[in-house]
Amino acid sequence: MASHEHKIDQPYYGRPPIPPEAPAAGVRPLARRDASYALLCHAFRALTLALIAVGVVALVLWLVYQPSSLKAYVDSAQLTRFDLDNSGTQTHQLRYNLTVGVSIRNPNRKQAVLYRRLDAVALYGGERLGYVDFPRARQERRSTMEVRPSFRGQAALAGAGAAAALFGREKGEGFFSINVKLHTRVRLKVAVVDSAEYRPDVDCYVRVPDPGNATAVALGFTPTQCHVDDFS
Ligand SMILES: *[C@@H]1O[C@H](CO)[C@@H](O)[C@H](O)[C@H]1NC(C)=O
Ligand SMILES: *[C@@H]1O[C@H](CO)[C@@H](O)[C@H](O)[C@H]1NC(C)=O
């Protein structure tokens, strides 16, 4: 009698009651699937948060430790030979022997500079005089290093060309204006982290006394600051 009344209290679904084993068997794998889905969601959310945190830290570090560009100076220049033969032919030979001392300053407190490539060229009136390749190097934070490229040899200049005309004019002035360029490929290193690669060029315009002109040699060479590209 009591059990009959209990059955009446239950909601009526218009179906005979389902045996108790059947729903239990159906629910258990579903719950397990829900649990693993929830776990996956948690893991995904944790991963997303971790990535955002890493991004924010990297951005803050970058803003705080934004690298200043390198500074470069030509401190010295020895020109022991710079003459153009006037043999009357259409091309003249420019014979040269030039050594320049270029100091490169890394002003950064946090970043060391890794030089993957460092080479120097000298140009006169747009004509290339020579090329020097330096080995890979590491420059510590807040330090200065010096490179001393030497350019020796001869270059053919067209007799009526710009370089030959420039030579004639500058010989009279006692100083030759020579362009020394350094091409670099560098990475910045903060602790153990390497930056992307940068290619800041160093561009120096120097006026070097004509070795055959005692007045100019006595006046001497004036140290010159170079233009250096930003890290960008
Ligand atoms: C070039 O000049 C340097 C000094 O700067 C000198 O020692 C060297 O002997 C010169 N070389 C030639 C080939 O003239
Ligand atoms: C030597 O250089 C001076 C300037 O330093 C210049 O005035 C003079 O014309 C030059 N001399 C010669 C012979 O070219």
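Colleague: Which residues are exposed on the other side of α3?

Modeller: Those are Ala162, Arg169 and Gly172. Bear in mind that this is a predicted model.

Colleague: Okay, and which residues of α3 are buried?

Modeller: Ala163, Ala164, Leu166, Phe167 and Glu170 are the buried ones in α3. Looking down the axis of α3, these buried residues stay within an arc of 155 degrees, so they line one face of the helix.

Colleague: What do the buried residues of α3 pack against?

Modeller: Strands. They pack against β1 (71-84), β2 (91-106), β3 (112-124), β4 (127-134), β7 (150-158) and β8 (175-190).

Colleague: How many residues does α3 have, and how far does it reach?

Modeller: Helix α3 covers residues 162-173, so to speak a run of 12 residues. From its first C-alpha to its last it reaches 17 Å, close to the 16 Å expected at 1.5 Å a residue.

Colleague: What happens just after α3?

Modeller: Gly174 sits there, and it takes a positive phi of about 90 degrees.

Colleague: Switching to the ligands. Which residues are around ligand 2?

Modeller: Gly174 turns up again here.

Colleague: What about Asn213, side chain or backbone?

Modeller: Side chain. An N or O atom in the side chain of Asn213 is 2.5 Å from an oxygen atom of ligand 2. As for cover, ligand 2 has 360 Å² of accessible area on its own, and the protein covers 49% of that. The elements giving two or more residues to the shell around ligand 2 are α3 and α4 (214-219).

Colleague: Now ligand 1. Which residues are around it?

Modeller: Gln78, Thr80, Asn97 and Arg152 are the residues around ligand 1. A polar side-chain atom of Thr80 lies 3.0 Å from an oxygen atom of ligand 1, and a polar side-chain atom of Asn97 lies 2.5 Å from an oxygen atom of ligand 1. The protein covers 40% of the 370 Å² of accessible area that ligand 1 has on its own.

Colleague: Let's stay with Thr80. Where is it found, and is it buried or exposed?

Modeller: Thr80 is in strand β1. Its relative accessible area is 54%, and the cut-off for exposed is over 50%, so Thr80 counts as exposed.

Colleague: How far apart are Thr80 and Asn97?

Modeller: In sequence, 17 residues; in space, 5.6 Å from C-alpha to C-alpha. Their side chains are joined by a polar contact of 2.9 Å.

Colleague: Leaving aside neighbours within four places in sequence, what is Thr80 in contact with?

Modeller: With Asn97 and Pro211.

Colleague: What does the side chain of His92 reach?

Modeller: The backbone oxygen of Asp85, at 3.1 Å.

Note on methods
Residues numbered from 1 in each chain as written. Chains lettered and ligands numbered in written order. Predicted model: local features only at pLDDT ≥ 70, side-chain atom pairs only at ≥ 80, totals over all residues. Heavy atoms only, no water. Helix = DSSP H or I, 4+ residues; strand = E, 2+ residues; numbered from the N terminus. Expected span 1.5 Å × (residues − 1). Buried < 20%, exposed > 50% of the residue type's maximum accessible area, 1.4 Å probe, protein only. Arc of directions from axis to C-beta. Contact = heavy atoms within 4.5 Å. Near = heavy atom within 4 Å. Polar contact = N/O pair within 3.5 Å; in protein donor to acceptor, adjacent residues only side chain to side chain. Areas by Shrake-Rupley, 256 points an atom, 1.4 Å probe, with all protein chains shown as cover.
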